[in-house]
Amino acid sequence: MTRGTFSPAVEELDQYVLVIEESASGRVTHSWRPVESVDLSQFRLQSHAERTYGRLVLAVAASRRDCDEENRQCISECMSTPVPRGYGHMTIPGRKKGGKHEYCERRCMRPYIDCKNAQGERVLEFSVAGMAVDWLKQYRQEILVGGVVVIAGVAFVAVASGGGALILVPALWVAAS
């Protein structure tokens with residue numbers, strides 16, 4: 001696959017990591033990599049109490065809500081309940097649980113964004129992946145580790161930023177790791 005030319009289908013975004021890199025010549029490229037191909041353990045987010053040298057840190061106060069966990073629970077609850085009337089097409093055998101999972105992610109996205117906003121965290125939202133990639137390439141240095149970017153209804157968390165690279169992982173994978 002050629003860097004920057006492959007873009008996953010919207011319903012598959014939650015299965016990919018977005019990597020934006022700057023080469024020595026200053027050229028900025030992006031690639032979508034399957035989550036399974038990225039070692040997420042090296043990007044373990046942790047609280048200040050667990051901080052160790054060389055690790056990436058997401059500051060989490062003890063009294064704060066865990067928006068990522070709330071989002072994961074919301075999606076889990078949604079997946080365990082029948083789809084609403086008129087949404088039966090999402091469970092067609094060929095689509096497996098992909099259609100329902102996409103519906104649940106979209107249904108739970110607004111409470112997730114509201115939770116993040118209530119905690120003073122700015123959430124970037126893009127309805128189209130191409131627009132998100134273009135903006136992120138230009139402003140990649142402004143995204144902080146732990147920052148949330150919503151692309152076509154899928155929440156991504158910045159697990160690495162700086163050194164010419166920005167790595168965004170689907171929030172559900174971060175919460176599960």
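The following legends describe close-up views of a predicted model of a single protein.

**Figure 1. Overall architecture of the predicted protein.** The protein contains four helices and six strands. Read from the N terminus, these elements follow the order β-β-α-α-β-α-β-β-β-α. Of its 177 residues, 40% are buried. Among contacts with a separation of 6 or more, 52% involve residues 24 or more positions apart.

**Figure 2. Confidence along the predicted model.** The mean pLDDT of the protein is 76, and 75% of the residues score at least 70. Confidence is highest in strand E2 (residues 28-34), with a mean of 92, and lowest in helix H4 (residues 171-176), with a mean of 76. In residues 46-63 the pLDDT is below 50, although this stretch has 24 contacts in the model beyond near neighbours in sequence.

**Figure 3. Three disulfides and their pairing.** A search of the whole structure identifies three disulfides. With the bonded cysteines numbered in sequence order, the pairing reads 1-6, 2-5, 3-4. The partners are cysteine 67 with cysteine 115, cysteine 74 with cysteine 108, and cysteine 78 with cysteine 104. The three links are shown individually in the views below.

**Figure 4. The disulfide of cysteine 67 and cysteine 115.** The sulfur atoms of cysteine 67 and cysteine 115 lie 2.0 Å apart. This pair links distant parts of the chain, 48 residues apart, with cysteine 67 in helix H1 (residues 67-79) and cysteine 115 in helix H2. The torsion about the S-S bond is about -75 degrees, and the disulfide is therefore left-handed. Cysteine 67 has a relative accessibility of 4% and so counts as buried. Cysteine 115 likewise counts as buried, at 1% relative accessibility.

**Figure 5. The disulfide of cysteine 74 and cysteine 108.** Cysteine 74 is joined to cysteine 108 with an S to S distance of 2.0 Å. Here too the pair links distant parts of the chain: cysteine 74 belongs to helix H1 and cysteine 108 to helix H2, 34 residues apart. The link is left-handed, with -80 degrees about the S-S bond.

**Figure 6. The surroundings of cysteine 108.** Cysteine 108 is located in helix H2 (residues 98-118). Its relative accessibility of 1% places cysteine 108 among the buried residues, for which the limit is under 20%. Apart from neighbours within four places in sequence, cysteine 108 contacts Asn71, Cys74 and Ile75. Of these, Cys74 is the disulfide partner of cysteine 108. The C-alpha atom of glutamine 73, a residue 35 positions from cysteine 108 along the chain, is separated from that of cysteine 108 by 9.4 Å.

**Figure 7. The disulfide of cysteine 78 and cysteine 104.** The S to S distance between cysteine 78 and cysteine 104 is 2.1 Å. Cysteine 78 lies in helix H1 and cysteine 104 in helix H2, so this pair ties together parts that are 26 residues apart in sequence. A torsion of about -75 degrees about the S-S bond makes the disulfide left-handed. Both cysteines are buried: cysteine 78 has a relative accessible area of 3%, and cysteine 104 has a relative accessibility of 0%.

**Figure 8. The buried face of helix H3.** Within helix H3 (residues 129-139), the buried residues are Ala129, Ala132, Val133 and Leu136. Viewed down the axis of H3, these residues fall within an arc of 95 degrees, and therefore line one face of the helix. An α-helix has 3.6 residues a turn, so residues three or four places apart point the same way.

**Figure 9. The exposed face of helix H3.** Met131, Asp134 and Gln138 are exposed residues carried on the face of H3 that is turned away from its buried side. The buried side itself includes Val133 and Leu136.

Notes: Residues are numbered from 1 along each chain as its sequence is written. This is a predicted model: local features need pLDDT of at least 70, side-chain atom pairs count only at pLDDT 80 or more; totals for chains, interfaces and linings use all residues. Side-chain values use heavy atoms; hydrogens and water are left out. Helices (H or I, at least four residues) and strands (E, at least two) are DSSP runs, numbered from the N terminus. Buried means under 20% relative accessible area, exposed over 50%, partly exposed in between (1.4 Å probe, protein chains only). Contact means heavy atoms within 4.5 Å. A disulfide is a pair of cysteine sulfur atoms within 2.5 Å. pLDDT is the predictor's confidence in each residue, from 0 to 100. The arc is that of the directions from the helix axis to the C-beta atoms.
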